[in-house]
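Hi,

Here is the structure I said I'd send over. Have a look at it first, and then read on for what turned up.

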Amino acid sequence: MIQLIRGFKDILPGEVELWQFIEKQTSSLFEDFGFRDIRIPIMERTELFSRSIGEETDIVEKEMYTFADRKGDLITLRPEATASIVRSYIQHRMYAVDQVQKLYTIGPMFRRERPQKGRYRQFYQIDAEVFGVSSPLIDAQIMFMLTTLFTRLSVSDCTAKINSLGCPNCRPAFTAGLSGLLSEKADFLCEDCSRRSTRNPLRVLDCKVPACREAMADAPSILDYLCTECRSHFDSVMRHLTIMGVSFELDRRLVRGLDYYTRTAFEIQTSLLGAQSAIAGGGRYDGLVKALGGPDIPAIGFAIGMDRLAEIAAQQHSDLCRKPKLFIAALGKISQTLAFEWVSRLAATGIHAEMDMSGRSLKSQMKQADRLGAQHVLISGDTEIENGQVLLRDMITKEQSPLPVQDIVEALRNRFA
Ligand code: AMP
């Protein structure tokens, strides 16, 4: 038997209803905040990711699914959505119509990480990006939108952590200081960090290896190096989060795994998922649009790990399975043919009805109706059809009432629409 690939998974009926529910809640909320859906391809040129995410990141160094296509061009299954959305924003000159664009997308991402609970090689993200707004108000607003989504999904036990990563004016002084510390601690760092400590020292703060964490315990915080503009931006974000009632913790050591972040960086963590505690992460990336060949336009965004979100939300939403409004227990040949016609006509007008096509006994059909959670059952045998009347049974009150066969679809439609 052929099994699925390690780190990949099926989302089965029974689970998928929750995913659909999350998707619906997300698009409805995000669209109320002025975001528009964008669909980007699953594959892009490898260069897009290596340039935007950064050569010195785990994703680019070891996690991307990269292939040479038949012509030898290097293509990659997208490990995240931001790079593609930025590419699309630039390629379609969306900024020429209006520099401000609020876009969101939901879909699969691919990273060849070590699979474990909450960490997959194909996983799903809800991604939102805002282009063209440098005001700190938008930073606070998207965090408010994010936490509102979690509230709507009854996901509590989330903590927002926030930090500033500075900008190209103030960050170099911090990284220079950090580099000094890194060379002192060189013997304690993991292989990846030793290599990165010269080319991308910030990344070392993000390393999960305990020895590196310990070595970095007394590292300085970038917050002590922020320039006046970055400081006032950050203060304003925090002030507006407070005004909007978004609770957050300042995390002076938070850096994000991707290279392109500037200023605000945030992460939403939960204690409900064990080791994989991050359910969303995001921040500002004011330099990326320009770095990828577009105009100098600021941007900010976030990505929610949907697999993890679904896992937590599942505890609150256990019964989302769709139930038919009606089950037709058809007994006998004529009745089966009619039931087939009624079920089809009802479905075509938006009413979900089910029937049994194997012609089983009334008892087992009633059991099936029960299992499907149908609230009403239409009991229809060939004799009832001949007499021109079938029985409609309410499965909760157990009451039964006759219903004329003539114009029955119309009558059912009026009743159940
Ligand atoms: P990132 O794009 O790395 O900032 O990730 C944003 C969110 O996506 C994280 O907070 C996780 O919830 C989720 N995520 C990242 N990688 C994985 C993975 N391999 N499996 C499941 N979820 C993931």
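Predicted model: local features only at pLDDT ≥ 70, side-chain atom pairs only at ≥ 80, totals over all residues.

In total, 14 residues surround the ligand, and R111, E113, Y120, R256 and A278 are the closest of them. As for where the shell comes from, three strands each supply at least two of its residues: β6 (122-131), β10 (278-284) and β11 (299-305). Which strand gives the largest share? That would be β10, with 3 residues.

A polar backbone atom of A278 sits 2.8 Å from an oxygen atom of the ligand. For I279, a backbone N or O atom is 3.4 Å from a ligand oxygen, and for G305 the corresponding distance from a backbone N or O atom to an oxygen of the ligand is 3.5 Å. How much of the ligand does the protein bury? Of the 480 Å² that the ligand exposes when taken alone, 91%.

Now for a pair of helices. Helix α6 (residues 136-152) and helix α10 (residues 228-243) have axes that come within 8 Å and cross at roughly 40°. Because of that angle, α6 counts as oblique to α10. As for the hand, α6 passes α10 in a right-handed crossing.

That's what I have for now.

Cheers

How values were computed: Residues numbered from 1 in each chain as written. Heavy atoms only, no water. Near = heavy atom within 4 Å. Polar contact = N/O pair within 3.5 Å; in protein donor to acceptor, adjacent residues only side chain to side chain. Areas by Shrake-Rupley, 256 points an atom, 1.4 Å probe, with all protein chains shown as cover. Helix = DSSP H or I, 4+ residues; strand = E, 2+ residues; numbered from the N terminus. Axes fitted to C-alpha atoms, helices over the stretch in contact; angles between N-to-C directions. Parallel < 35°, antiparallel > 145°, perpendicular 65-115°, else oblique. Left-handed = near helix turned anticlockwise from the far one by under 90°.
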